[in-house]
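Here is a short report for a first look at a structure. Start with the strands, then turn to the whole chain and the ligand.

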Amino acid sequence: MVDVKLENVVKEFDGVQAVKGINLHIKHGELFTLLGPSGCGKTTTLRMIAGLDYPTSGKIYFDDQEVTYLPSYERGAVLVFQNYALWPHMTVFDNVAYGLKLKKLPKEEIRKKVEWALELVKLKGFEDRYPTQLSGGQQQRVAIARALVVEPKVLLLDEPLSNLDAKLRLEMRSEIRRIQRELGITVIYVTHDQEEAMAISDRIAVMNVGTVEQVGTPRDIYERPKSEFVASFMGKTNVIRAKVVERDGNKVTAEFEGLRLDGLHYEGDKDDVVLVIRPERIKLHPVENAVSIEGTVDLVEYYGFFTEVVGLFGDTRIIARTISDREVQGLRPTQPVTFYIDREDIIVLPKQL
Ligand code: ADP
Ligand code: MG
């Protein structure tokens with residue numbers, strides 16, 4: 001277990017910054033996720049933490065020891081690659097034992113440790129198989145066992161589930177969480193899938209073009225996004241272009257499509273803003289402290305345990321989500337509809353995208 005700190009870490013490739021001076025503090029025993037779209041610098045960051053690549057500038061610490069330019073094996077970090085990178089000509093046992101053989105441990109100790117690691121990933125009895133005789137999920141488990149067998153201080157996982165089908169992804173997701181809890185190990189996890197990140201992480205760093213936009217618990221980030229990018233990246237949400245037309249301290253009135261919403265909290269100084277509203281926060285019946293907006297029904301979509309009503313307000317579509325069948329009964333496209341939104345549930349952020 002170890003604390004990992006990144007201080008102003010920059011990585012340039014051919015003079016272009018792929019990572020633009022990021023600061024992170026990952027606490028020991030935490031499952032910490034780097035989340036962001038493809039190309040935002042997740043793998044580059046992970047490789048620098050792993051010691052497979054070195055920063056152009058900035059520093060990396062494991063606890064109080066600076067490890068910026070230490071090779072992987074000296075800092076105790078192991079990276080599991082997206083494509084597993086198992087050796088096809090070696091059995092499961094030999095794949096997992098590889099790192100221990102390099103360390104020249106006694107045979108009996110190697111056998112015990114491999115057994116322990118294979119048990120941990122639920123692959124006991126598969127010692128003599130070759131990777132091609134395993135399913136994708138099993139190969140992934142071997143890769144994780146191979147990483148854990150050397151008892152790293154930090155386990156780094158780069159999009160570990162992206163090559164698995166949907167059902168297996170869910171299963172492996174809980175497995176990784178179980179193993180992490182069982183060992184109490186620090187895990188840094190990379191994904192571009194916000195739902196996966198929410199489900200698995202203690203905390204998440206949302207990355208955008210080489211920078212960290214926000215760090216927080218899944219709940220923080222989902223409920224209190226600090227930027228338009230974070231808000232729109234964290235699942236289906238309403239991001240409505242609006243203009244601040246009146247101010248009274250931190251209370252503002254914003255306008256979109258000729259509709260005025262007053263009494264909103266906003267601390268920024270730009271008048272071009274977005275209103276971020278989660279669909280499940282929009283009500284189809286009056287609630288306290290709410291603003292109301294009148295439009296027409298564009299679509300009603302039934303998803304099983306909830307229904308979405310897409311309202312049309314001028315040219316702006318807004319999605320409301322409800323678990324009440326009664327509320328949506330009789331709602332038809334083109335009919336008038338009123339949405340009610342608690343002012344507390346409207347997050348006003350400077351327009352960014
Ligand atoms: P992610 O893992 O978030 O998809 P990467 O860290 O792989 O993103 O890449 C971030 C940026 O750095 C991309 O623009 C990518 O093209 C660039 N990049 C990554 N590795 C190299 C490299 N070895 N040489 C040149 N450019 C690279
Ligand atoms: Mg990547």
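In which sense do strand β12 and β13 pair, and over how many bridges?

## The open sheet

Strand β12 (residues 251-256) pairs with β13 in the antiparallel sense, over five bridges. Two strands count as paired if DSSP finds at least two bridges between them. Within this pair, E255 has R260 of β13 as its bridge partner.

Both strands belong to an open sheet of five strands. The order is β13-β12-β11-β14-β20, and the pairing is antiparallel. β13 (259-265) and β20 (347-350) stand at the edges with a single partner strand each, so one side of each has no neighbour in the sheet. From one strand to the next, the twist averages 40° (axes are lines fitted to C-alpha atoms, and angles run from 0 to 180 degrees between N-to-C directions).

## The model and its chain

This is a predicted model: local features need pLDDT of at least 70, side-chain atom pairs count only at pLDDT 80 or more, and totals for chains, interfaces and linings use all residues. Residues are numbered from 1 along each chain as its sequence is written, while chains are lettered from A and ligands numbered from 1 in the order in which they are written.

The protein chain holds 10 helices and 20 strands. These are DSSP runs, numbered from the N terminus: helices are H or I with at least four residues, strands E with at least two. The C-alpha trace spans about 75 × 45 × 35 Å along its principal axes.

## Around ligand 1

The residues F13, A18, G36, S38, G39, C40, G41, K42, T43 and T44 surround ligand 1 (each C-beta atom, placed from the backbone, lies within 6 Å of it). Helix α1 (residues 42-50) supplies the largest share of this shell, three residues.
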